[in-house]
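Please look over the structure shown here, and then read on for a report on some of its charged side chains and on its nonpolar cores.

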Amino acid sequence: MMTDTLAEQLQFLRLPGLLARWDEHLKAAAQSNLSHARLLTRVIEEEYRLKCDHARQQRLQHAKIPEHWVMDTFPFERQPKLSKKKILALYDSLAFLTDKQNIIWMGGTGCGKTGLATSFLIQAIHQGARGRYVLFADLLYELHRSQADRSQGRVIRRYLQYDVLLIDEIGYVEAEPRRSGSFSLSCKNATSSAPPSLPPIWALASGPRSSRIPISPPP
């Protein structure tokens with residue numbers, strides 16, 4: 001029987017699963033003749049699963065993703081020049097994270113850059129990474145504004161805490177040199193070699209090295 005004292009203790013210890021399913025666990029233990037060790041293992045595994053699910057939902061919320069695109073819905077049949085095998089291999093392995101490599105998706109409007117990059121971010125978050133979606137214009141504005149109140153270091157450190165940073169609409173912004181300087185210093189390896197005629201791109205940044213993946217507009 002769950003007592004008020006025990007319920008308060010479980011709440012203090014932040015064990016909501018055990019608090020909600022206390023009687024269910026005891027009933028299952030009695031019916032299956034579970035040993036004390038097996039019962040404790042079952043309870044711990046359930047709490048671990050619940051905490052992992054909660055942490056994943058928190059990471060997704062903090063990522064501020066406007067639309068949760070998933071890889072299963074991407075129309076590869078409309079992109080015959082795009083190697084589905086290569087994309088899925090990178091998606092499944094998350095090698096760009098372990099190798100500290102940036103990905104820059106290149107293509108015109110409506111060809112699927114945001115959808116692919118978003119699905120990569122969500123996959124990384126599901127695997128335990130901390131990520132963030134941000135518009136390039138908003139990032140530049142935040143960095144420029146931080147120069148005025150001398151909080152630039154704090155802002156940059158906050159972004160550096162993420163395992164993966166998704167920067168949208170880089171190619172759509174014409175930034176003044178004084179506003180783009182801070183951004184260029186922090187990720188110059190991803191942008192300094194870009195030609196002036198670079199088409200709209202979607203950057204998935206996790207490290208100093210970069211690879212570019214062109215995507216053709218849909219027919």
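## Arg49 and its partners

Arg49 is partly exposed, with a relative accessible area of 40%, in a model that is predicted. The side chain of Arg49 forms a salt bridge with that of Glu46, with a distance of 2.8 Å from N to O. Glu46, for its part, counts as buried, since its relative accessibility is 14% and the cut-off for buried is under 20%. Arg49 and Glu46 are three residues apart in helix H4, so about one helical turn separates them.

Arg49 also meets Asp53 in a salt bridge between their side chains, at 3.1 Å from N to O. These two residues, Asp53 and Arg49, both belong to helix H4 and lie four residues apart, about one turn of the helix.

## From Asp53 to Arg56

Asp53 is partly exposed, at a relative accessible area of 24%, and it forms a salt bridge with Arg56 in which the closest N and O atoms are 2.5 Å apart. Arg56 is likewise a residue of helix H4, three residues from Asp53, which is about one turn of the helix. The relative accessible area of Arg56 is 21%, which makes it partly exposed.

Taken together, Glu46, Arg49, Asp53 and Arg56 are linked in a network of salt bridges, while the count of salt bridges for the model comes to four.

## The largest nonpolar core

Which residues have the most contacts inside the largest nonpolar core? They are Ile87, Phe96, Trp105, Phe120 and Leu121, in a core that has 27 residues. Two or more residues are given to this core by each of helix H4 (36-63), helix H5 (84-93), helix H6 (95-98), strand E1 (101-106), helix H7 (113-126) and strand E3 (164-168). Helix H7 provides the largest share of this core, with seven residues.

When its neighbours within four places in sequence are left aside, Leu121 is in contact with Ala63, Ile65, Gly131, Arg132, Tyr133, Val164 and Leu166.

Methods: Residues numbered from 1 in each chain as written. Predicted model: local features only at pLDDT ≥ 70, side-chain atom pairs only at ≥ 80, totals over all residues. Heavy atoms only, no water. Core = buried A, V, L, I, M, F, W, Y, C linked by side-chain atoms within 4.5 Å. Buried < 20%, exposed > 50% of the residue type's maximum accessible area, 1.4 Å probe, protein only. Contact = heavy atoms within 4.5 Å.
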